[in-house]
Amino acid sequence: MRTYPLHWVLGVGVLLALGLYAQRLGFLPAWAAWGLWAGYLFFALWGLLWGGWRAAPLALGLLAPLFPPLAFLGPLGTALALGRTLPEKAQAAFYGWALVWPALALLLVWQVFPTLYAFYLSLFDRVNFLRPAAFAGLQNYRILLEDPLFWRALGNTFWYVVFTVPTGLLLATFVAILLNTQVAFLGLYRTLFFLPYITALTAAAAVWRWIYHPEFGFLNWLLHTPGLDWLNTPTGVFALLLRPLGVELQGFLAGPSLAFVAVMAMSVWHFLGYQVVILLAGLQAIPKEYYEAAELDGASFFQKHRLITWPLLSPTTFFLFTLGLIGAFQVFTQVYVLTPTGGVLQDTLTLAFYLYNKGFRDSDFSYASAIAMVTFLVILALTLVQRRLLEKRVNYEI
């Protein structure tokens, strides 16, 4: 009995239960579910051979097609029946995995399995769940690479990443440094900065849509620019800035449109509070003695933060930069609320917005799945490159 891997049986049982539910919902073919059942049968027979009557609860898992939870209740019952006869190492492995599997199962259900299913859908032609779809192989990916709207969305998303991630991080670092000092009403200031983040993104975007209104908006009143339609101006900001100098820029070089910059400004404002809170935690982990020693050496305010704060805050900034990059490539809600049509000339169309349009407006879930898979690969590649280039500069020792 010492060599019997009961924790493996638990894992197979959880996968079997999930597979049976997926098969009932139509997301998994019957042969795959029965394959998991056959794997469980193998482990159950092995367990009965090694453990005798004490391993009898494993047989309950064979009834999982009738009641899927029996697939993991069987191994749990066997662990209780065997009790202390199991070696200490086997007990630690089993109960450790028993505590891990609930969270791991949620990760599989909401992340891993949908990703695999999206790739499966991308191999068919115009899946809309109303009629059978023909297998198309990599045709959707070939069409995607020739789709001008996809490249437009990718270019817009690139500008969004370039503008919002560094800007938001630098602004949040500056605010966090100010909030880390001993000033009156410090708790109130921290609360005010965090309030936008806990506000529903759709509600915040709706308020900003009023702020950007060409006739009644607060921003035009503040800047004395009545009639300026912030959310419907497709001209690139670089082109607008350089036009008075006689420089005309076209296409991608013209930069993101004024409408898209307005969306970016709202995004930086909304997520600033979250970044400030994380950076504050990083700042408070830096020993005060470093700053006191720097003051004794005559270091200025900027020297202290350039030579002490920034290097020692690098793990926190690297974490926020990575999350910001991933989140920026998935931007959707604020774009959809502020510019529901994707802008005048699709100048605010992002990858996530284009995916939504193809899937839920055009009912072409196979093409939308192909967009999702390409987006996933782009995010993965950029994250790996970022980690390779930046992590070597991170200082984990304080």
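Predicted model: local features only at pLDDT ≥ 70, side-chain atom pairs only at ≥ 80, totals over all residues.
Helix 6 passes helix 14 in a right-handed crossing.

**Helix 6 and helix 14**

- Helix 6 covers residues 148–179 and helix 14 covers residues 314–328; their axes come within 9 Å and cross at roughly 150 degrees.
- The two helices count as roughly antiparallel because angles over 145 degrees fall in that class.
- On the helix 6 side, the contact is made by Thr 157, Tyr 160, Val 161, Thr 164, Val 165 and Leu 169.
- Facing them from helix 14 are Thr 317, Leu 320, Phe 321, Gly 324, Leu 325 and Ala 328.
- Sorted by class, this contact has 8 nonpolar and 4 polar residues, with no charged ones.

**Helix 3 and helix 4**

- Next, find helix 3 (residues 70–82) and helix 4 (residues 88–121), whose axes come within 12 Å and cross at roughly 145 degrees.
- This crossing is left-handed.
- Helix 3 brings Pro 75, Leu 76, Ala 79 and Leu 80 to the meeting place, while helix 4 brings Phe 94, Tyr 95 and Ala 98.
- The contact has 7 nonpolar residues, and neither polar nor charged residues take part.

**Around helix 16**

- Helix 16 spans residues 351–361, and its buried residues are Leu 351, Ala 352, Phe 353, Tyr 354, Asn 357, Lys 358 and Gly 359.
- Just past the end of helix 16, look for Ser 363, which takes a positive phi of about 55 degrees.

**The loop between helix 9 and helix 10**

- Asp 229 sits in the loop that runs between helix 9 (218–223) and helix 10 (237–242).
- With a relative accessible area of 24%, Asp 229 is partly exposed.
- The side chain of Asp 229 makes a polar contact of 3.1 Å with the side chain of Asn 232.
- Glu 215 is 14 residues away from Asp 229 along the chain, and their C-alpha atoms are separated by 8.3 Å.
- Thr 233 also has its place in the loop between helix 9 and helix 10.
- Thr 233 has a relative accessible area of 16%, so it counts as buried, the cut-off being under 20%.
- The side chain of Thr 233 reaches the backbone oxygen of Asp 229 at 2.5 Å.
- Not counting residues up to four places away in sequence, Thr 233 touches Ser 257, Leu 258, Ala 259 and Asp 347.

**The loops on either side of helix 11**

- Ser 257, one of the residues touched by Thr 233, lies in the loop between helix 10 and helix 11.
- Ser 257 is buried, with a relative accessible area of 3%.
- Leaving aside neighbours within four places in sequence, the contacts of Ser 257 include Thr 233, Pro 234, Thr 235, Gly 236 and Val 237.
- Asp 347 and Thr 348 are also in contact with Ser 257.
- Ala 285 belongs to the loop between helix 11 (258–284) and helix 12 (288–296).
- Its relative accessibility of 45% makes Ala 285 partly exposed.
- Ala 285 and Leu 312 are 27 residues apart in sequence, and their C-alpha atoms are 9.1 Å apart in space.

Methods:
Residues numbered from 1 in each chain as written. Heavy atoms only, no water. Helix = DSSP H or I, 4+ residues; strand = E, 2+ residues; numbered from the N terminus. Buried < 20%, exposed > 50% of the residue type's maximum accessible area, 1.4 Å probe, protein only. Polar contact = N/O pair within 3.5 Å; in protein donor to acceptor, adjacent residues only side chain to side chain. Axes fitted to C-alpha atoms, helices over the stretch in contact; angles between N-to-C directions. Left-handed = near helix turned anticlockwise from the far one by under 90°. Contact = heavy atoms within 4.5 Å. Nonpolar A, V, L, I, M, F, W, Y, C, P; charged D, E, K, R; others polar. Parallel < 35°, antiparallel > 145°, perpendicular 65-115°, else oblique.
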